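Subject: Structure for you to look over

Hello,

Please find the structure below, followed by notes on what was found in it.

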Amino acid sequence: MTQMWAAVIEGPGRLTVRAFDRAEPGPGEVLVRIEYCGICGTDLHGALEGWMPPGTIGGHEWSGRVAAVGPGVTQWSAGDLVVGGPPWCGECEWCRIGRPALCVADPMRGGGVGHSADIGGAFAEFHLATASSLHAVPDGLDLRVAALSEPLAVALHGITAAKLTSGPKGLRILVSGGGPLGQLVVAALRADGADDITVSEPAEPRRKQAALAGAHKVLAPDELPAVPALPTDARQDGFDVVFETSGVAAAVATGLGLLRPTGTLVLLGTGAMTVRLDAIRILLNELVVTGAYCYDANGIEAALDLLASGRLPVADLVCADDVSLDDLLATMIRLRAGDIPTKALVRP
Ligand SMILES: [Zn+2]
Ligand SMILES: [Zn+2]
């Protein structure tokens, strides 16, 4: 059997590159040669903090080339350029009402180990996917850029969750956290006409990147306006919408406290945190707090279209140096430390 290399989690902070037998695609499956795979915050939690069990191959933000198709697969053939998507069932209550991010069959819900938890993620030379979960890369879109479709779909879902009925133009918007996800939220909002985006981020290199992504103002968290001590005193000059992408508990509380009356806080950043939310502040000011997980029903296609449109500053959203599987762990540690301020891509 042909072999392939993959980066496997051995325990918290331990990752090795090992040879595996390359699987043959079964009925309804496609074997994809991975060209690029982005490193997600979830992968950092998974590999460095032990969120993912030993034996897991992480990586779910990938683009690649169809290498082989299994029996019964007619919609794809070898050489097709594809990105991954979630294998939502299409049949459960949530899929039927157009909220597939809540699909009861989604293996990602178990800890974000990749779209095919049973067969591993895409920090590997090859990846098995179900044929129906794949999306074609639009003509002319570079595979390197196409690998941003998954995290961009997450950003777009967060914007959908904010329910901006007349779009982001004219709204005072705070993006809390200037990491890769925050940068994508900024870029997507900007492409949609936002004209007043502030980013709050402690790391200077990320603040710089957030400005390149399109933020109008970038601040360190301690430069933000003060949160009114009394919940009765919501700031009239506060934010209409806060997108919290950092997953830091204090940032969630600050985001809530800086909303103007009727404002919306969208939680996008994952972190193992318990936050105390000021319930009376929410009540008195009729605030909305909502989570956003995964993507809209058409999220991956919408992200691919937006990437292909040329309306995003894609060169500023990705780290210029690609990473080999052997360098994955060291890169994860640098990402965690904030040494790499943008999305980094693995080239298995
Ligand atoms: Zn991700
Ligand atoms: Zn479902």
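In these notes a residue is buried if its relative accessible area is under 20%, exposed if over 50% and partly exposed in between (1.4 Å probe, protein chains only). Helices (H or I, at least four residues) and strands (E, at least two) are DSSP runs, numbered from the N terminus. This is a predicted model, in which local features need pLDDT of at least 70 and side-chain atom pairs count only at pLDDT 80 or more, while totals for chains, interfaces and linings use all residues. Residues are numbered from 1 along each chain as its sequence is written, chains are lettered from A and ligands numbered from 1 in the order in which they are written, and side-chain values use heavy atoms, with hydrogens and water left out.

S9 runs parallel to strand S8 (residues 173–176), to which four bridges join it; strands pair if DSSP finds at least two bridges between them. Isoleucine 173 is opposite isoleucine 197 of S9.

S9 (197–200) is also among the elements that cover the buried residues of H6, which include helix H5 (180–191), strand S10 (217–219) and helix H10 (328–337); contact here means heavy atoms within 4.5 Å. The buried residues of H6 (residues 204–213) are Arg206, Arg207, Gln209, Ala210 and Ala213. They lie on the same side of H6 because their arc around the axis is only 165°, taken from the directions from the helix axis to the C-beta atoms. Glycine 214 follows H6 and has a positive phi, near 125°.

Cysteine 40 is buried at 14% relative accessible area, as is histidine 60 at 3%.

Phenylalanine 126

Two arginines have their charged ends over the ring of phenylalanine 126: arginine 22 at 4.2 Å from the ring centre and arginine 33 at 5.5 Å. The criterion is NZ of Lys or CZ of Arg within 6 Å of the ring centre and within 35 degrees of the ring normal.

Regards
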